[in-house]
Amino acid sequence: MAAEKLRDLSQPIDVALLDATVAAFYGTGSKEERTAADQILRDLQNNPDMWLQVMHILQNTKNLNTKFFALQVLEGVIKYRWNALPVEQRDGMKNYISDVIVQLSSNEASFRIERLYVNKLNVILVQILKHEWPVRWRSFIPDLVAAAKTSETICENCMAILKLLSEEVFDFSRGEMTQQKIKDLKQSLNSEFQLIHELCLYVLSASQRTELIRATLSTLHAFLSWIPLGYIFESPLLETLLKFFPVPAYRNLTLQCLTEVAALNFGDFYNVQYVKMYSIFMVQLQVILPPTTNIPEAYAHGSSEEQAFIQNLALFFTSFYKFHIRVLEVTQENINALLMGLEYLTNISYVDDTEVFKVCLDYWNSLVLELFEAHHNIDNPAVAAANMMGLQMPMLPGIVDGIGSQILQRRQLFAIPMSKLRMLMICRMAKPEEVLIVEDENGNIVRETMKDNDVLVQYKIMRETLIYLSHLDHEDTEKQMLKKLSKQLSGEDWTWNNLNTLCWAIGSISGSMMEEQENRFLVMVIRDLLNLCEITKGKDNKAVIASNIMYVVGQYPRFLRAHWKFLKTVVNKLFEFMHETHPGVQDMACDTFLKIVQKCKRKFVIVQVGENEPFVSELLTGLPTTIADLEPHQIHTFYESVGHMIQAESDPQKRDEYLQRLMELPNQKWVEIIGKARQSVDFLKDQDVIRTVLNILQTNTSVANSLGTYFLSQISLIFLDMLNVYRMYSELISSSIAEGGPFASKTSYVKLLRSVKRETLKLIETFLDKAEDQPQIGKQFVPPMMDPVLGDYARNLPDARESEVLSLFATIINKYKAAMIEDVPRIFEAVFQCTLEMITKNFEDYPEHRLKFFSLLRAIATHCFPALIRLSSQQLKLVMDSIIWAFRHTERNIAETGLNLLLEMLKNFQNSEFCNQFYQSYFLQIEQEIFAVLTDTFHKPGFKLHVLVLQHLFCLVESGGLTEPLWDVATVPYPYPNNTMFVREYTIKLLSTSFPNMTAAEVTQFVNGLFESRNELSAFKNHIRDFLVQSKEFSAQDNKDLYAEEAAAQRERERQRMLSIPGLIAPNEIQDEMLDS
């Protein structure tokens, strides 16, 4: 192929041939041609000398794709090798790029034709600037401004370059540059901004060209968030912007600029300017968009420009109010303008567009929170006063009263907007997670198939906002909800959506009212909903109403606990819904039943006033009819719920009697099956029988889940028979696979048999996990399982091994801890070698076994460490290799389990008498492997744990805890004075070979920094983060995983705050043992 001679870079490249190769790559030729072209272009791109040909290519080609290919090569050099190039090469490239940009943008025609090419050149120039400016290219900004004044098109392109520069330095720099470099660039931009400012104002006052003015506004938008404030408020800039606002062509860009100004927040110095800006803005806005406009309708039929205008308007109002709403609360004139703005924002909030709604909702949430906190603190006036004044000290009583009345005045001022906001929240409430019944796009009521996470996030914010609103005025909240509900009943406002959002809103404020008000409110709501269910006809309508009744009652356990009559009516209503075959209704009925029982279980086991027996007894008598129409998985939920009731009974005799009555149906079936199997084993091979066995086991698991220790009498009945069935099914599976080859494991028959084995293991695991820690239970259940379960695992073919065996034994060890030390060798022998062989062939096969295997190892390392010390060195090496194998996984759970396990091992060995031996064998290997995953960009989520392992290693070396040399005395002729010196040199050598693009000084500085900051985790972590950026391995990627730990701490603080406000954490999420005696 002729293109092969492109590979020879000793003479200028044949540009025509390169054009043809690029065309072949993008072309419609055969697949072979494209692959060959791709290979050549890749090789060229990877050739370190290729970039020297870039100028030659750019001068001689007319093809845009070839130009882009050349610029891609150049971009790689600038990003990774720029500082290593000789000065003349750097300057030559810099001047060439600048000249081409000026040449192309100096006349209108070439600028429009070559637009894409110029944009890419601008990006390259800014990449160079990040290295060269300000130190090696001081005159850059003055040069740029001077060039801009020579022609309008050059000026337009200069604006584009400035905008890119601002974005690179201020928006995209985290993780791309070190902290120091970002600081230097920001200072340079700030100090030279005056020239840019003058240029922008000059263009806006003098130019008539639409494109240039738009480019200038767009650049200003990028700069406004960080420039010194004097340039905005002490210059004609704001007036100029407000002049452009009414002009349709510039409306959106100007609005974006004004939004940036509105979002600045630096104290009260410029309040007068803000009030003036807002007043002029409101006058102009009423001309553009009269207050009487129906905004949601206008948005639905508007052009994309008009829709963007509404979005930008929402952003402007929310930014302005977030930081400067107080300045408008002073004179009556300003208050009127403020109320009008809030009215606009409320109307925009009804627009049917998720993004617009999110913007509005975020602001409403913060405003309501601010009003609520002031109101919440009125009970504690000194706190309120200090908050308002920004002081943290005790106040005099006189001041406090004044503050209290100020807070009340402020609430008065916002009373009408808040009332309208309640209506908005009720009308637009998002769907909570518990609701399974939805309307599809064809208008049918169906069962939800997928959870929509965006909706759940939105529900959370709306729920929180509505709870604050409810606290601010319970009367108004209740009045609006009941009024809307009565309209549903009278039929004037009846639609599925209206009823849904209303009921979701009612359910979401649970816990925010005082108990008697909540009782009064709910009695009316539940009565109305039950009436609505009676009077409405049509299956779909009934399903919607049923789903809403279930959602609302599930949210108010406190009310149900206090009102037995309602609780009984509700539960009987749920039993009624369990016969309703409309998709989703039965599922929701069973879920709601479980939720209510968990919170009110005591109520069902005591004899209530006017009843002859506890409800649970009545329920058990009618159980066969109640569950007659349910699917197996729904029956399991039902059984779990009844298990919770029985668990609440304190009399052991009654408890056992209830359990026996509950398990009567499955136990009869089980006895019958085992009886027939004793006569003929083949009976157990029938598919229907296998399905029945599976169902019985699942029912048992559900009850074990809710009953815990009290399930002992039931599991003892079936335990030994169950192990026999397990063993028999296991042999059947093995013989099927042996006869049918690898495909046999995929047949439905084998899958069914395996389901029974898995369910058996799950049942035992659930019971042992939930049972209280009573050693005799362990003694009773563990020995009989050794052969049928562990022995079976070892004997089976890999495809027939159940991963649940591993998790069952992990649970047992976590539960009975050191009592299991004697059994560890047996467990090890049965599962270790054979599982490792399954999972170390690659990173993909047997994913379940992987995770559970490492969880089992971790349980052993934590609770039975002495058993690990007794392993032979061969076996220990296997353990360590498997841990390293684990944290090399890109599968996050496995890697994290492996790292946690490694940390356990390191700490345990450090405190054992084998400390020196262990670290001599594994210290260097662990350090090397951890650095490998830390820097390869595929394992970012493990960052926190990688740092902890390295910190452990460096602290251990420095502590002098290792008394033997870590280096191999036989092969290293030079005796190091101590381990610290050796590890320092070893680490420097390791990193220098891994990152040839870093200088020896940089690597040495990093390693010294590791030793210096080893005792201070946050400094140690930041030091490593900066190194990762510097090594250029992590630039231009998403680095949020490196900051995950800080984000988690923030979430915990937020949860503590929420716990202090009634209703904010839903009743079902609070882990209380509901005191319902």
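Let's start at tyrosine 846, which sits in the loop between H40 and helix H41, residues 847–863. Its phi is positive, about 50°, although tyrosine 846 is not a glycine. Is tyrosine 846 buried or partly exposed? Partly exposed, with a relative accessible area of 23%.

One caveat before I go on. This is a predicted model.

There is another residue with a positive phi to show you. Lysine 817 has a phi of about 45°, and lysine 817 is not a glycine either. Where is it? Lysine 817 lies in the loop between helix H39, residues 804–816, and helix H40, residues 824–839. Its relative accessibility is 40%, so lysine 817 counts as partly exposed.

Staying with the backbone, go to tryptophan 133. The peptide bond from tryptophan 133 to proline 134 is cis, with omega near 0°. Proline 134 belongs to a loop as well, the one that runs between helix H7, 115–132, and helix H8, 140–148.

Now the overall picture. The protein has 1077 residues, and 52% of them count as buried. The secondary structure comes to 50 helices and two strands. Along the principal axes, the C-alpha trace spans about 100 × 90 × 70 Å. What about contacts along the sequence? Take contacts between residues at least 6 apart in sequence: 74% of these join residues at least 24 apart.

Next, a helix pair. Helix H36 covers residues 712–740, and helix H37 covers residues 748–770. Their axes are 9 Å apart, and the two helices pack at an angle of about 150°. The crossing of H36 and H37 is left-handed.

Who meets whom? From H36, the residues in the contact include Leu712, Ile715, Ile718, Phe719, Met722 and Leu723. On the H37 side, among them are Tyr749, Val750, Leu753, Arg754, Val756 and Lys757. By class, the contact of H36 with H37 has 18 nonpolar, three polar and two charged residues. Further along H36, the list includes Tyr726, Tyr729, Ser730 and Ser736. From H37, it also includes Thr760, Leu761, Ile764 and Phe767.

While we are on H36, look at serine 734. Serine 734 is placed in that helix. What does serine 734 touch, leaving out residues up to four places away in sequence? Asn796 and Leu797. With 18% relative accessibility, serine 734 counts as buried. The cut-off for buried is under 20%.

First, cysteine 158. A disulfide needs the two sulfur atoms within 2.5 Å. Cysteine 158 is buried, at 5% relative accessibility.

Then cysteine 360. Its sulfur is 15 Å from the closest cysteine sulfur, the one in cysteine 427, so that pair is too far for a bond as well. Cysteine 360 has 0% relative accessibility and therefore counts as buried.

That's the tour. Questions, please.

Conventions. Residues are numbered from 1 along each chain as its sequence is written. This is a predicted model: local features need pLDDT of at least 70, side-chain atom pairs count only at pLDDT 80 or more; totals for chains, interfaces and linings use all residues. Side-chain values use heavy atoms; hydrogens and water are left out. Axes are lines fitted to C-alpha atoms, for helices over the stretch in contact, and angles run from 0 to 180 degrees between N-to-C directions. Helices (H or I, at least four residues) and strands (E, at least two) are DSSP runs, numbered from the N terminus. A crossing is left-handed if the near helix is turned anticlockwise from the far one by less than a right angle, and right-handed if clockwise. Contact means heavy atoms within 4.5 Å. Ala, Val, Leu, Ile, Met, Phe, Trp, Tyr, Cys and Pro count as nonpolar, Asp, Glu, Lys and Arg as charged, and the others, Gly among them, as polar. Buried means under 20% relative accessible area, exposed over 50%, partly exposed in between (1.4 Å probe, protein chains only).
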